[in-house]
Amino acid sequence: MTRETNPQAAEDDGVPEGIDLFLPPFYDIFWSAVCFAVLFWIFWKYVLPKMKTALDARSEGIEQKLEQAERERNEAHVLLEQYREQLAEARSDAAQIRAEAQAERQSIVTEARTEAQEAASAVAERAEVQLSAEADRVRNVLARDVGRLATDLAEKIVGETLDEQKVSATVDRFIADLESVAAEEQETR
């Protein structure tokens with residue numbers, strides 16, 4: 001027969017049963033209380049102050065770091081404001097520089113246009129003068145050649161040599177008459 005099947009046998013061995021299973025013997029409670037008290041006193045006397053000091057130091061460190069973080073946050077905020085102000089000033093300066101550059105560009109374009117117009121006018125005037133001189137030169141050459149040809153022709157027809165001055169005056173007058181007729185025709189158009 002085993003212990004489980006015979007309760008009487010268990011009581012005889014000194015093994016607790018029922019509620020006695022959960023209650024330790026008195027000497028265990030006493031020595032446990034003494035050990036607990038000694039350990040508690042050691043903990044209270046030596047460990048707890050050091051832990052408190054360490055926790056206080058850590059708490060103070062955390063507070064200092066929080067204060068430093070707050071200072072740095074304030075400095076960062078001030079720097080951000082300064083950066084924004086500088087950015088606004090830079091944008092304003094850039095806009096002003098852009099406006100000045102556009103005004104300068106417009107001035108340069110206007111000046112260049114004026115210079116180009118003046119140069120074109122000067123070139124046109126020179127060309128007109130050259131054309132006029134060339135026209136005069138061609139007119140003189142034509143008058144001389146026409147006079148010479150007319151004189152040659154007249155001498156061949158008449159069979160005699162003609163007076164150069166009279167022939168020249170006659171040719172000049174003839175050419176002048178032609179030019180006046182051409183000018184009148186241009187005016188009528």
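Reader: What percentage of the 189 residues in the protein is buried?
Author: This is a predicted model, in which local features need pLDDT of at least 70 and side-chain atom pairs count only at pLDDT 80 or more, while totals for chains, interfaces and linings use all residues. Residues are numbered from 1 along each chain as its sequence is written, and side-chain values use heavy atoms, with hydrogens and water left out. Buried means under 20% relative accessible area, exposed over 50%, and partly exposed in between (1.4 Å probe, protein chains only). By that rule, the buried share of the 189 residues is 4%.

Reader: What radius of gyration does the protein have?
Author: The radius is taken over C-alpha atoms, and the globule rule is 2.2 Å times the number of residues to the power 0.38. The C-alpha trace spans about 190 × 50 × 30 Å along its principal axes. A compact globule of 189 residues would come near 16 Å, but the protein has 65 Å.

Reader: In what order do the elements of the protein run from the N terminus on?
Author: Helices (H or I, at least four residues) and strands (E, at least two) are DSSP runs, numbered from the N terminus. The protein has three helices and zero strands. From the N terminus on, the order is α-α-α.

Reader: How far apart do the end C-alpha atoms of residues 52–107 lie?
Author: UniProt, in an unreviewed entry, lists these residues as "coiled-coil region"; its positions are given in the numbering used here, feature names are shortened, and annotations may be inferred rather than shown by experiment. The span is 100% helix and 0% strand, and its end C-alpha atoms are separated by 80 Å.

Reader: Is Thr151 buried or exposed?
Author: Thr151 belongs to helix α2, which covers residues 26–158. Leaving aside neighbours within four places in sequence, Thr151 is in contact (heavy atoms within 4.5 Å) with Leu162 and Val167. Because its relative accessibility is 7%, Thr151 counts as buried.

Reader: How far is Asp172 from Gly147 in space, C-alpha to C-alpha?
Author: Asp172 is placed in helix α3, residues 164–188. With a relative accessible area of 43%, Asp172 is partly exposed. Asp172 and Gly147 are 25 residues apart in sequence, and their C-alpha distance in space is 8.0 Å.
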